[in-house]
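Hi,

Here is the structure I promised to pass on.

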Amino acid sequence: MRLSDLTSRPAVQQAIDEFRFLGHVKFLTKYGYGYSREYFLVVGDETFDSKAIFAAAYGYQYPERGAPKSSQFSGGEATVQRRLEALGFVVERRNHIQREEFSHPQLVRYQAYSRQEVHDLLDPTVPFTPNAGMWGISGIVSLSGRPNDFVFFVTLEKHTGYADALSTTGLVEWDSQRKQNLDDDQIHRFVKHDHELDSILLLLRAHEGEPYCYVGKLRYVWHDTTSEHPVHFRWQVLDWQIEPIRAAGLLIEHGTAEVASIPAELPPVPYPTLVEVAPPRGAQQQSNRRKEQKARKDVDYAARDSANRALGRAGEEWVVEHERRILLEIGRPDLAKDVFHAAKDEGDGLGYDVFSRTPSGEPKFIEVKTTRGKKRTPFFITANELSFAEQRGKDYVLYRVFGFSETGQTQYYVLRSPLESALQLSATVHRAVPR
């Protein structure tokens with residue numbers, strides 16, 4: 001799907017009317033969306049979750065296609081806001097909107113529970129069958145009526161090949177279900193989990209056959225974009241306290257699933273290190289024709305890189321992880337959640353590849369150009385990319401990733417708009433029309 005396909009203002013109005021009729025929670029549940037974190041469609045004194053409204057409107061305009069899933073596109077300033085505003089609606093970025101709260105009995109931290117007891121407290125309207133069904137056996141339980149709220153049932157000592165573990169600092173190493181890959185809708189929900197709006201509750205036990213201990217809520221830290229079936233995640237227990245965990249007998253110091261096997265400090269993630277360096281100084285001029293002729297005979301890295309889509313995608317994915325990690329390291333997980341791979345999620349042709357944020361929260365549109373060549377290796381840039389750079393101004397940057405290596409350190413430099421002042425541009429392709 002392309003976001004620009006939504007062209008019907010009446011379809012958006014139908015979605016708004018359905019939101020009003022069903023109510024906030026039922027509307028989100030119907031379409032499988034979570035609460036908006038920042039961007040809201042505003043009509044008078046009413047606010048609506050912009051991404052869910054967009055999806056419903058898309059389904060109204062294209063009933064044969066249906067409403068897209070949340071994982072099929074990203075919301076925000078560069079995507080949904082732009083399209084809805086183009087149709088004449090107002091979309092605002094707000095730090096907090098009071099949402100409708102669910103009232104249910106609360107789990108007590110560090111208390112022991114059976115699966116049925118957790119079910120009876122959190123989701124009593126759903127049938128419970130011992131050793132069967134979602135509540136009776138699954139390690140991941142989605143709470144009805146709350147699209148982005150989950151319960152994780154985790155057993156540390158298992159013989160099924162899962163790598164679940166808990167560190168002394170509350171870091172949780174956790175594997176998803178084996179059937180899940182990186183494109184799974186539920187995996188996308190986990191990656192975009194916002195612990196300030198939604199809840200993932202961790203129920204933990206050391207051995208099979210024992211009751212579970214409610215450890216607390218989880219915050220997303222990281223996931224391995226190279227692993228599937230299962231996908232490996234790292235979570236942080238909020239308001240971590242180690243002594244109650246010891247008192248609950250969760251084997252911090254011993255047991256076959258060594259809970260203390262994860263270092264107390266955050267372990268390095270298996271991604272190459274991207275190191276920023278200064279851009280090249282001025283274009284080097286060839287002093288004679290012999291050098292020019294030699295250059296023509298050398299490997300044309302620009303053409304080869306342009307044809308290698310896998311190389312380009314790899315560079316973009318590493319920039320996504322690099323941007324998230326920078327924001328996490330400065331204590332801004334709220335901003336790290338906004339980083340997304342626009343070229344993959346929305347398709348090529350946007351004029352940029354990765355959406356991120358500055359430490360102060362300003363938007364950051366990143367075009368990524370990747371090469372295995374050297375720092376001064378030329379690259380291709382389209383007229384659309386140049387136009388987008390000019391349009392976004394200070395919010396646009398180009399990352400030139402060079403000396404690309406899957407296993408070692410890779411460097412990059414940053415160019416800012418206007419690109420014409422930093423690059424020597426040569427026309428290499430012409431638009432041709434038959435006479």
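First, the ground rules. This is a predicted model, where local features need pLDDT of at least 70 and side-chain atom pairs count only at pLDDT 80 or more, while totals for chains, interfaces and linings use all residues. Residues are numbered from 1 along each chain as its sequence is written, and side-chain values use heavy atoms, with hydrogens and water left out.

On confidence: pLDDT is the predictor's confidence in each residue, from 0 to 100. The protein chain has a mean of 79, with 81% of its residues at 70 or more. Strand β15 (residues 396-402) has the highest confidence, at 95, and helix α9 (residues 289-297) the lowest, at a mean of 44. (Helices are DSSP runs of H or I, at least four residues, and strands are runs of E, at least two, numbered from the N terminus.) Two stretches need some care. Residues 251-270 have pLDDT below 50, though the model gives this stretch 41 contacts beyond near neighbours in sequence; contact means heavy atoms within 4.5 Å. Residues 283-299 are also below 50, with 7 such contacts. Where pLDDT is low, the predicted coordinates should not be read in detail.

Now to helix α2 (residues 24-31). Its buried residues are His24, Val25, Phe27, Leu28 and Tyr31. They lie on the same side of α2, because they cover an arc of only 165° around the axis (the arc is that of the directions from the helix axis to the C-beta atoms). Buried means under 20% relative accessible area, exposed over 50%, and partly exposed in between, using a 1.4 Å probe and protein chains only. Lys26 and Lys30 are exposed, on the face turned away from the buried side. Among the elements covering the buried residues are α1 (9-22), β2 (46-49) and α3 (50-61). Just after α2, Gly32 takes a positive phi of about 75°.

How do α1 and α2 meet? Their axes come within 6 Å and cross at roughly 120°. (Axes are lines fitted to C-alpha atoms, for helices over the stretch in contact, with angles from 0 to 180 degrees between N-to-C directions.) From α1, the contact involves Ala15, Glu18, Phe19 and Leu22; from α2, His24, Lys26, Phe27, Lys30 and Tyr31.

Finally, Asp17 sits in helix α1 and is partly exposed, with a relative accessible area of 38%.

Cheers
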